[in-house]
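Reader: Hey, I'm new to this one. Can you put it up and walk me through a few spots?

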Amino acid sequence: MSDRNPGMELDLEWVSRVRVNTQAVLKRAQQIQGRKLVKKQWEAAWLLRAVTCIDLTTLAGDDTPSNVHRLCLKATQPVRYDLLKELDMHDKGITTAAVCVYPSRVADAVKFLKAANSSLAVASVATGFPAGQTPLETRLEEVRLAVQDGAREIDIVINRTLALSAQWEALYQEIRQCREACGDAHMKTILAVGELGPFTTVYKASLVAMMAGSDFIKTSTGKETTNATYPVAVVMARAIRDYFLRTGHKVGFKPAGGIRTAKDSLVWLTLMKEELGDEWAEPHLFRLGASTLLADIERQIYHHVTGRYAAYQELPLA
Ligand SMILES: O=C[C@H](O)COP(=O)(O)O
C-alpha cells in the first residue's frame, strides 16, 4: 500500500459547505457505464489486473477453518496455472490483494497463508460488522484482537447513527480511535452507503473518514440492501480527489457488495482510471471487495485462452 494518510484536524466548515449535484452524478455514472471498456486484445490483461485488486472475501455465519483454508488457497493461486502459462503470466506472482474474513477466522487465515509460504495480507472486518451497533469500547477491542491475531488490514464500519444525525465531530473521534487501535494495520472505513441516504451525506461521511485518517474508504458491507453502485462511487471518488488536492494524501477506494461479473470489474477499473487516474486502478489504492467475482473472471480468462467456456468442474476452486 502507499504512504499512509495521517488524517487532519476535523474541518467542520469544509463539511458544512458540501453540496452534491445529483443529476450530474447520475449522468457521469451513466457515461462511464456506457463506455466501450477495453479492446479485446487487452481484456485478459485487465482481468488479471482486476484479480490483483480483489479482497477475496468470505463473511458468512457458517465460515469454518476449512472454507477459510480453501479461500486462502484460491487467493494465492487465483487463476489456473496452465491458463496463466498460455498468457505468459505464470511467473508474475499473481495473487489477489488480500483475503478478508471475520475476526474469529483471522488466526486460521494467517496460519494457512504462512503454511503456504505466502505473504498475502489478511484483512478483517471489525467494529461490530456489519451493523456497528455495539459499544465503542467493544468495537475497539475487536480491532485490537484482530490485529493481535495477525490481520494487516482492518475494515471498520462507521456508526451510521452518528452520520445520519450529522454528529460529525463524534464520528470523527470514533474513527480516529479506530485508527489508533489499528496501529500499523491499514484501515478501510466502510460507510454502508445504502443506509446513508442522500449523496451529500455520503460525501460528508467520506470527508470525515479521510480527515480521521482512513487509508481507504469503502462503500458497503455487502449486507445492506443497496451496496456498491456507480453513482455513489463517483461521489466518493470526487471526495477522494478533493481531499488529495487539499492535503496531498492519497486515500484508496474499495467498492464491495454485489460485484459478481468480470464485466463489472472492468467498469470499476474504468471508473477509477477516469475519475482518479491510473494510480487508483492499482491494488495499493483500489480494492474490489467480493466473494464470488473471481469465479467469473477466471471463466472469462479461460474463454479468452481456449475459445470456449469452462464447465464448473474444470475450475474446481472457483
Ligand atoms: O466486503 C465484501 C463483501 O462483503 C462481499 O460481498 P459479496 O458477497 O456480495 O461479493
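Author: Helices (H or I, at least four residues) and strands (E, at least two) are DSSP runs, numbered from the N terminus. This is a predicted model: local features need pLDDT of at least 70, side-chain atom pairs count only at pLDDT 80 or more, and totals for chains, interfaces and linings use all residues. Residues are numbered from 1 along each chain as its sequence is written.

Reader: In what sense do strand 4 and strand 5 pair, and over how many bridges?

Author: Parallel, over 5 bridges, with strand 4 covering residues 153–157. Two strands pair if DSSP finds at least two bridges between them.

Reader: And strand 6, how does that pair with strand 5?

Author: Strand 6 (residues 216–218) and strand 5 are also parallel, over 3 bridges. There, Lys188 has Phe216 as its bridge partner.

Reader: Is strand 5 largely enclosed or exposed?

Author: Largely enclosed, because 5 of the 5 residues in 186–190 are buried. Buried takes 20 or more other C-beta atoms within 10 Å of a residue's own, exposed 12 or fewer, and partly exposed is in between, with C-beta atoms placed from the backbone.

Reader: Which residues cover each face of strand 5?

Author: His186, Lys188 and Ile190 are on one side, Met187 and Thr189 on the other.

Reader: New topic: where's Glu279?

Author: Glu279 sits in the loop between helix 12 (262–276) and strand 8 (288–290). Glu279 is partly exposed, with 14 other C-beta atoms within 10 Å.
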